[in-house]
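Me: I would like to go through this model with you, one topic at a time. Could you start with a helix?

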Amino acid sequence: MADIAFESLSRWYGDTPQRTVLDQVSGAIHAGEFAVVVGRSGSGKSTLLNLLGGLESPSAGVVRIDGTDIAGLDDRALTALRRRRMGFVFQAYNLIPTLSVADNLRLPLSLNRLPADGRVEQWLERVGLAGRGGDWPDRLSGGEQQRVAIARALIHEPDIILADEPTGNLDLDNAERIVALLDSLCRAEGRTLIMVTHAQEVVGMADQLLTIRDGRLVDAQ
Amino acid sequence: MRNRLDAGLLGLAGLLLAAIVIGVLRFGGAPAGDPSTDGAQSLAAAMGPSANADAFARVTGPRPLDFPADHGAHPDHRTEWWYFTGNLTSAAGRDYGFQLTLFRTALAPEAGDRPSDWATRQVWMGHFAVTDIAAGDHRAVERYQRGGLGLAGATTRPVRVWLDDWQIQSDGPEALFPLRVTASAPSRGIGIDLAIKAQKPRVLQGDRGYSRKGEAPGNASRYYSYTRLAADGELRFGDQTPAVTGSAWLDREWSTSALDADQAGWDWFALQLDDGRDLMVYRLRRQDGSTDRHSAGILVGRGGEARVLSAEDFTLSAQREWQNPRTGSRYPVAWRLQLPDEGIDLQVNARVDDQAMPTTVRYWEGSVAVTGSASGVGYLEMTGY
Amino acid sequence: MNRLIARIGRADLARHPLQTGLAMLGVAIAVAVVVAVDLANHSAREAMRVSLESVTGSATHQIVGGPAGVDERLYTRLRTDRGLRRAAPVIQGGVVRADGSGRALTLLGVDAFAEGPFQRPLGQTNNLGDAFNDLMLRDDAVVVGAGEAERLGVSAGDRMDLLIGGERHTVTVVAVADDPEDQSRGLILADIAAAQTLLDQHGRLDRIDLMVDDARAEALAETLGEGVRIVPAAASAQSVLQMSRAFQINLTALSLLAVVVGAFLVFNTLSFLGVRRRASIGILRAMGVQRREILAQMIGDALLIGVVGTLAGLALGYALAHGLVGLVLQTVNDVYFARAAGDLVASPWSLAAGLLVGLAGSVVAAAAPARDAAATPPRAALSRADLEQRARRLAGRAGWVGASALAAGAVVIALSTGLVPAFVGLFAVILGAAFIAPAIILAVGALLRPLMRGRPVGGLIVEGAVASLSRTGVAVAALSVAVAAVIGVAVMIASFRASVVDWLEGSLAADFYVSAPADLSDAQADRLAALESVRFVSRSQWYDLPTDDGPVTLWALGLPDGREPAVDIRRPDRADALAAYRAGGAVLISEPFAARRDLAPGDTLALPVGDSRRALTVAGVYRDYASPTGAVLMPRDLYRELYADAGLAGIGVHARDGVDREALIGRLESALAGVPGARVTDNAAVFEQSLRIFDRTFAITEVLRWLAGLVAFVGVISALMALQLDRLREFAVLRAVGLGRAGLAGLVSGQSALLGLIAGLWAVPLGVALAALLVFVINRRAYGWTMGFELQAGPLVEGVALAVIAALLATLYPAWRATRLRIAAALKGE
């Protein structure tokens, strides 16, 4: 599986480091670990996740996935890397509204040219939504949509799952179920899970805690 | 007249219309290129009684001919022609046959009072053919023209008969001969320019030129011939333009009436024998294949003395047929002609088998060689096959 | 492309049927206009070609003479002396059906014995049957083609009355000929003898058609003798076709204007689609969808819109063409060639052109928005503020591009002389101006903003209009272009019309015009001149002189001593030109003629006279809108000397001051008693008739102008509606904070009206510039016409009103939706 290492990672907007969002952050997340990134709003934790997931490019520093510096990849290679090896879960669920639930799940398989082989039904069952494949996303509640999003992030069996406040829009009960689901699904398959959250109750489940304050990593376990 | 010509007359009257419209308008005046399968039928149909034939002048009995006036046109008769055929030899000894016929047909019995110089009731048709005997190549062209504005016509003093640039013109104002015949068809690579002199006087066919064709006295034509003419001039065939000399024959005939409907066609022979005699016979064939009793002929002696022949005076038998590959028609191209009273027994052979005319009215007209009791050359015409 | 990704795009289109439908409609109308104009042009060309060929046949050369034609005996000499086989005599003349219809027909006299190779349509028939004898023997026998027989309502054996040279003749239709292509439309065929009698042209032919090669023609020409010469047979037809080509280029350019507007529409829809899909695209990009796959999706959607729109447009265009072909032919008939008539001729090229314009146009228009969408970064999406920021930057850059295009267009026009470069320049100017439109919106926003301080709703109107640049810029540009076209063409037509009126007033100097179907004579003119209340008469003859470059219209004008031709001489100055004209051996030429032949005062014009040529001096150039082919005006004495033609086509009667006009008409008419078909026309009637023809000529232009406007109209509705529907959540917020329904409706329509107003106002200078280009560049290059510039408020107001009304109409539905909004649901979002 995947080891992720990042060294002196910085990100600023504009031409000069005046508006630095992330300042010389270093660390490593090992394959199969569950890492949680915490911090206040605007601390730079989402930026760190975006950089680790190749959604943004660092202004300075490197991100290595299994030893490869992903900042050196062009857009096409980076996109291919995300397609094959990563899965994203967002706060706003971000299902494609014009595709049915089942087609949302089929999308990553189709992008990776993987056979469906009953995986869609299997994953719907795993996230507790058996039989809902034909529904449109806007027919589902927030918790249900997020469970679909989790299934979509995992269905093509990526090495790394990146979750940006997946429980941010959910009530406590639903939030716990979502985190537990993510955790169990990742651990079962030995996937690396990196989650940005400010839900304290999640921290206890993590293998590693990355706390960001004003763009700096203050505490690493 | 020759019987074939009666049919020709009738055919012309009926067919000129179709000929002009189909042949000229559709095929641009060129000879119809494809076989006209119903040509013979049309011919037969055209030979039937004609609705307004009565309105035209009729030939009803003998009358003295008046020359040179009668060398010109007779516009009130429906049909008329000037018919030259001949056999020529080049200085190098190459043999040719030629035919130049100018037909006139009146569309109406009377001239209207019309102011335009183009207005006319006369329609002219010309057939011109040359055969290169050695090459076995027969080329023919058909033309039409209106009889107005000097485009085609016939005048006397001097005699001039023409259609566009095809022309027969006397050298002097009073006599028909000597005359000059010119015709050319660059598109087919043929042409003639001949000075022609008469070697025998004119002979009148039938009863002093009154040639009966049917039972009614009006079913007849006015018919005279010059059976022995000397031709001298130039001929064009392809890229050759040899000087030529030889003999020619002129038939003149005009009429209005039609043949009987049960006549299928005719076989006409114009032969010039080396012994100085000329022999013309025509046999009218009835639908049942028998010889019509109006078949006739003429035998002209060395000095021009003529004996008119009737159907009983001669026998004809066909000996070999040739099939026209373009139309499927079969023409007899070898004949035996016997005149027992005269001790004449001739073998007449086409010098080239394919001398079929690809014209609107289809027939076979070509040069023949004569052997047997006398030798000679001539022209043969066959219709209705 | 990935099937699911493609489906996302299609589903998105399906979820917004109104906007998708409007985009398709825009494409459809644009394609329809192009196809219809091309089909109409093609059909008109075909009609002209067929009509010209029906008279010319496959002749290669023609022997022509002077106004008196060719002596018919030449034909006999050609055939008998020269053995020329492929020669055919022709006479022809105009006749009119003497019944209520008054249908004008051409009586063509030919010789059946010569026709064969010439392949004239009626010569191709073989079903004349017994009618052949009638044609040959009767002076009243004619043949018509099947199509014409149907139009005339006659069948074989029917008689009909014709007015020929003013006299009534009864002819008999002895046969109706097959004419499957209706080639012999407007033709009556007779044997040449009958035609000579009917047309009273005994002894002469109009021409002798030949089929010969050039070498033979040249050899023949040298020996033809006096008074006749050989011209290429196609010269006349070519010149007609060439002249009408300028007109058709104009129509095609106008139709392309609709395409430009249509392309804007597709561009706009796709840009909007890109903006709306940013969120989805961000997710897809995060999931590892490549840029080119996004690009393919967007282009695929554009193609879908293009295909549906194009197919509908082809059908619509075909239907529209049925109407347009009549209008085009009407103009062609009025201006170029009087016997062009025909029906729609389907042309695969027209349909292919429509297909190309529709599909390629859609894809090209979609390229930029699709690339934009594909560049969306792989996360949720830029904020709206970023987007608008970007749009502003783009507006600035587009402004520069637009200004450059404008300048380039101006340079192209200034440096070129042809008609097509002029249109290229014109389009560059239009596109340049369109690119500047977004910058104009920003500028207007900056101007208005200070005024709105302390007026929140007013501020919302201005900000809403300006801040939505990413989605309104293109719509405003499209609307500007279309409105500018509407204004520009209207101003051009008004200018043209004013010039024509001015010209007519100057050149209709006589009080009455006398004309007759056959030539008038000097004796008749003298009789009129001798009348007491007549000051003097002018004597005109017209003759279309055949030349190697097509016919040249000669106008021979005879005036009493001391009178000057009533023409508006443009160069050199009038006194000099008239002095040169009077000096002899000189002519005045019309502007189109000067333009076509590239002639200036002082140049020499060599006209064929008989079998030789005569060099004449160009004394001056005068204004004339009557004929786009141009005319050569010469003193009648000179004309008679050159062409030995004493006939008169018209007599202008100048009355003494203060005479009773009604009484004079009576006296004129009685003086003309016995002249068949002679007519006295008041100059006011000539004036009105001329303007009627002018208006008819521009009917097609008017139609195209409004069609281009219609495409823009649809575009604006589509763009503004999309904009407002997209802001429903914003409206809910406004409602929640207490804006009433009326206030919200006012806000929505206020924003749209402001955008419409900006577009309309921007279109005013653009439209005027366009009109100036049409008047001073296009018309001069196409026809050689110079004209004044007539700027009136009407078309400008009309254009601005069109823009505002379109914008307001576009808000009706969104405003209605906005006021019926369920606030809570809308606030919750999608």
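Reply: Helix H14 of chain C runs over residues 419-448, which is 30 residues. From its first C-alpha to its last H14(C) reaches 42 Å, close to the 44 Å expected at 1.5 Å a residue; the expected span is 1.5 Å times one less than the number of residues. Helices (H or I, at least four residues) and strands (E, at least two) are DSSP runs, numbered from the N terminus. This is a predicted model, in which local features need pLDDT of at least 70 and side-chain atom pairs count only at pLDDT 80 or more, while totals for chains, interfaces and linings use all residues. Residues are numbered from 1 along each chain as its sequence is written, and chains are lettered from A and ligands numbered from 1 in the order in which they are written.

Me: Where does H14(C) bend?

Reply: The bend is at C:Pro438 and amounts to about 35°, taken as the angle between axes fitted to the seven residues ending there and the seven starting there.

Me: And which residues of H1(C) are buried?

Reply: C:Ile5, C:Ile8, C:Gly9 and C:Leu13 are buried (20 or more other C-beta atoms within 10 Å of a residue's own; exposed means 12 or fewer, partly exposed in between, with C-beta atoms placed from the backbone). These residues lie on the same side of H1(C), because they cover an arc of only 135° around the axis, the arc being that of the directions from the helix axis to the C-beta atoms. An α-helix has 3.6 residues a turn, so residues three or four places apart point the same way.

Me: What does the face turned away from that buried side carry?

Reply: That face of H1(C) carries the exposed residues C:Arg3, C:Ala14 and C:Arg15.

Me: How many helices and strands are there in chain C?

Reply: Chain C has 27 helices and 21 strands. Of its 830 residues, 52% are buried.

Me: Switching topic: how many residues does each chain bring to the contact between A and C?

Reply: Chain A gives 24 residues and chain C gives 20, where two residues are in contact if their C-beta atoms, placed from the backbone, lie within 7 Å. On the chain A side, helix H2 (75-85) and helix H3 (101-111) each supply at least two residues, and H2(A) provides the largest share, 7 residues.

Me: Is A:Gly67 buried or exposed?

Reply: A:Gly67 is exposed, because 7 other C-beta atoms lie within 10 Å. A:Gly67 sits in the loop between strand S4 (60-65) and strand S5 (68-69) of chain A.
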